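Me: I have a model open here and would like to go through it piece by piece. Can we start with the aromatic rings and move on from there?

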Amino acid sequence: MSDLKKNTYGPGNPHPLSQMRTELVWEGKYDEFGNRREVSTSGMSIPFQRIETIDEPRQRILAQRGLFDEVRSHRDDFRNRLIWGDNKLVMASLIGEFKNSIDLIYIDPPFDVGSDFTMAVPIGDAKEKLGKDQSTLEMVAYRDTWGRGTDSYLSMMYERLSLAKDLLSATGSIFVHTDWHVGHLIQSLLEDVFGKRRFMNQIVWWYVNKLPTGGQLFDRQHDVILWFRSGDKHKFNEIRVESEYKGTQLQTKKVDGKRVPIIDPETGKQVRVMSSDKPCGDVWRMNMIHAQSVERVEYATQKPEALLERIIQCCTDEGDLVADFFCGSGTTLAAAEKLGRRWIGADLGRFSIHTSRKRLIDLQASLHANQVPYRSFDVFNLGRYERQWWQQESLNGAEEEHQRIVLNFFRSETLSNPPSPLLHGRKSTAFVHVDGIDSIFTRDEA
């Protein structure tokens with residue numbers, strides 16, 4: 001009889017399932033003991049290798065030996081960064097320098113489950129296209145992202161959103177671009193990482209210029225962008241858009257915290273004004289990138305600059321730091337540069353980095369020609385170090401850069417006043433020597 005009572009669930013003996021809270025769970029969220037797996041950055045932070053410093057107009061002037069006078073238009077307060085590497089490692093490696101420092105993160109992660117990284121690359125006059133297969137790094141990313149289906153995708157996104165939270169400033173915001181495939185899951189992940197109270201808006205991007213395709217279901221005509229803030233406060237600059245309805249509206253003023261009509265003292269009537277714009281709502285009517293778009297760079301997932309400009313303008317001020325860790329064709333970086341924001345961009349795809357680099361060089365040249373201030377940028381590798389960049393004579397301080405990378409990689413501190421020119425660092429109680437590029441440490445040196 002006692003065993004029967006023990007197995008009877010009710011108010012005095014509630015069933016375990018009745019006490020569970022609503023939660024998104026995936027394989028890998030908890031360990032074998034039921035403990036929540038945390039994202040640790042220990043061991044993930046590795047040094048960046050700068051492979052190129054780009055100030056296109058200045059380089060062009062030097063190449064032309066001063067044929068044209070230089071109009072100094074670049075800002076020297078910050079060097080923007082374009083990084084090739086796994087964005088989880090990139091974000092973990094940035095935390096040491098940029099923790100709680102980024103004002104806006106926009107990411108457009110993959111959301112077509114099962115998609116790969118293959119794309120068509122235009123060649124020659126762009127009339128022909130060559131299939132670009134996955135690199136080894138991209139194949140590893142594909143396996144990690146989709147290898148276990150939804151579970152591995154959620155694990156991948158949870159790690160990156162957690163790192164993004166550590167990078168955001170106290171008033172920072174994150175905008176995550178998604179669609180109907182995984183949008184509901186991404187929102188649950190964001191609530192898990194940032195908290196439901198920090199959910200600001202679900203923005204609908206309505207493709208105004210998308211042609212109907214018909215078929216056996218309703219035509220897809222929008223994406224969703226989820227906006228969360230990192231803390232209890234956030235920046236917001238009102239965006240005004242053209243009103244669909246032209247006409248007059250009452251002119252008002254604020255009195256004791258309330259909006260009241262303005263009265264014309266001569267006529268005693270309420271003042272009305274023509275209405276041509278209105279505050280922007282959460283449905284954004286914007287064109288997709290189409291075949292004839294001026295800004296088209298032949299990148300499959302390219303987003304329009306107008307979309308990113310609106311996001312950047314609403315949540316940042318000039319000089320703020322913007323980051324995109326799935327930067328693709330570089331739209332976020334180009335929009336940030338045009339609006340006078342600092343930026344950091346990263347992507348795993350080499351084609352993405354090449355596309356973004358070329359686009360930003362062209363933008364530098366355009367801004368320079370119009371005497372609009374811009375910032376130079378550096379291109380970095382992370383995790384795949386290439387010695388040819390250290391061997392170029394044009395890269396000043398190559399040996400010092402090589403030593404810094406090696407010491408950082410082995411978690412060694414640099415000696416400011418070494419007792420010998422052969423000693424470059426210290427790890428615990430041991431001294432560290434970093435040999436020259438492609439050289440062998442010989443008995444004579446010892």
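Me: Which residues do ring pairs link into a cluster?
Reply: This is a predicted model. In it, ring pairs link Phe175, Trp227 and Phe236 into a cluster.

Me: And how many aromatic pairs does the count come to?
Reply: The count comes to ten aromatic pairs. One of them joins Trp205 and Tyr207: the ring centres are 5.0 Å apart and the planes stand at 85 degrees, so this pair is edge-to-face.

Me: Is Trp205 buried or exposed?
Reply: Trp205 is buried, with a relative accessible area of 3%. Tyr207 is also counted as buried, at 3% relative accessibility.

Me: What about the rings of Trp343 and Phe377, how far apart are their centres?
Reply: The centres are 5.6 Å apart, and with the planes at 45 degrees the pair of Trp343 and Phe377 is tilted. Trp343 belongs to strand 15 (residues 342-347) and Phe377 to strand 16 (residues 374-382), so the pair ties together parts that are 34 residues apart in sequence. Both Trp343 and Phe377 are buried.

Me: Which ring does the charged end of Arg310 sit over?
Reply: The ring of Trp284, with the charged end of Arg310 at 5.0 Å from the ring centre. Arg342 is placed over the face of Phe78, 4.9 Å from the centre of that ring.

Me: Let's look at another arginine. Where is Arg357?
Reply: Arg357 is in helix 9 (residues 350-369). Its relative accessible area is 27%, so Arg357 counts as partly exposed.

Me: What does Arg357 touch, leaving out residues up to four places away in sequence?
Reply: Arg357 touches Glu52, Ile54, Leu82 and Phe377. With Glu52 there is a polar contact between the two side chains, at 2.8 Å. As for Asp378, 21 residues from Arg357 along the chain, the C-alpha atoms of the two are separated by 9.6 Å.

Me: New topic: helix 8. Why is helix 8 called largely enclosed?
Reply: Because seven of the eight residues of helix 8 (residues 331-338) are buried. Among those buried residues are Thr331, Leu333 and Glu337.

Me: What follows helix 8?
Reply: Gly340 follows helix 8, and its phi is positive, near 75 degrees.

Me: Now the inside. How many residues has the largest nonpolar core?
Reply: The largest nonpolar core has 46 residues, and Ile105, Ile174 and Phe325 have the most contacts inside it. Helix 5 (residues 150-167) gives the most to this core, with nine residues.

Me: What does Ile105 touch, again leaving out residues up to four places away in sequence?
Reply: Its contacts include Ala164, Leu167, Ile174, Phe175 and Phe325. Apart from the core of 46 residues lies another core of 38 residues, among them Trp284, Ile312, Cys314 and Leu333.

Me: On to strand 8. How many of its residues are buried?
Reply: Seven of the eight residues of strand 8 are buried, so strand 8 is largely enclosed by the rest of the structure.

Me: How many bridges join strand 6 to strand 8?
Reply: Six bridges join strand 6 (residues 168-178) to strand 8, and the two run antiparallel. Ile174 stands opposite Phe228 in strand 8. Strand 7 (residues 199-207) is joined to strand 8 by seven bridges, and this pair also runs antiparallel. Val204 has Val224 in strand 8 as its bridge partner.

Me: And Ser230, where does that lie?
Reply: Ser230 lies in the loop between strand 8 (222-229) and strand 9 (240-250). At 11% relative accessibility, Ser230 is counted as buried.

Me: What does the side chain of Ser230 reach?
Reply: The backbone oxygen of Ser169, at 2.5 Å. Residues that Ser230 touches, not counting those up to four places away in sequence, include Leu168, Ala170, Phe194 and Arg198.

Me: Last one. What order do the three strands of the open sheet have?
Reply: The order is 17-18-19, with antiparallel pairing. Strand 17 (413-414) and strand 19 (430-432) are the edge strands, and each pairs on one side only. Strand 17 and strand 18 (residues 425-427) pair over two bridges. Glu413 has Arg426 in strand 18 as its bridge partner.

How values were computed:
Residues are numbered from 1 along each chain as its sequence is written. This is a predicted model: local features need pLDDT of at least 70, side-chain atom pairs count only at pLDDT 80 or more; totals for chains, interfaces and linings use all residues. Side-chain values use heavy atoms; hydrogens and water are left out. Rings of Phe, Tyr and Trp (its six-membered ring) pair if their centres lie within 6.5 Å; planes under 30 degrees apart count as stacked, over 60 as edge-to-face and the rest as tilted. Buried means under 20% relative accessible area, exposed over 50%, partly exposed in between (1.4 Å probe, protein chains only). Helices (H or I, at least four residues) and strands (E, at least two) are DSSP runs, numbered from the N terminus. A charge sits over a ring if NZ of Lys or CZ of Arg is within 6 Å of the ring centre and within 35 degrees of the ring normal. Contact means heavy atoms within 4.5 Å. A polar contact is a pair of N or O atoms within 3.5 Å; within protein, one must be able to donate a hydrogen and the other to accept it, and residues adjacent in sequence count only if both atoms are side-chain atoms. A nonpolar core is a set of buried Ala, Val, Leu, Ile, Met, Phe, Trp, Tyr and Cys residues joined through side-chain atoms within 4.5 Å. Two strands pair if DSSP finds at least two bridges between them.
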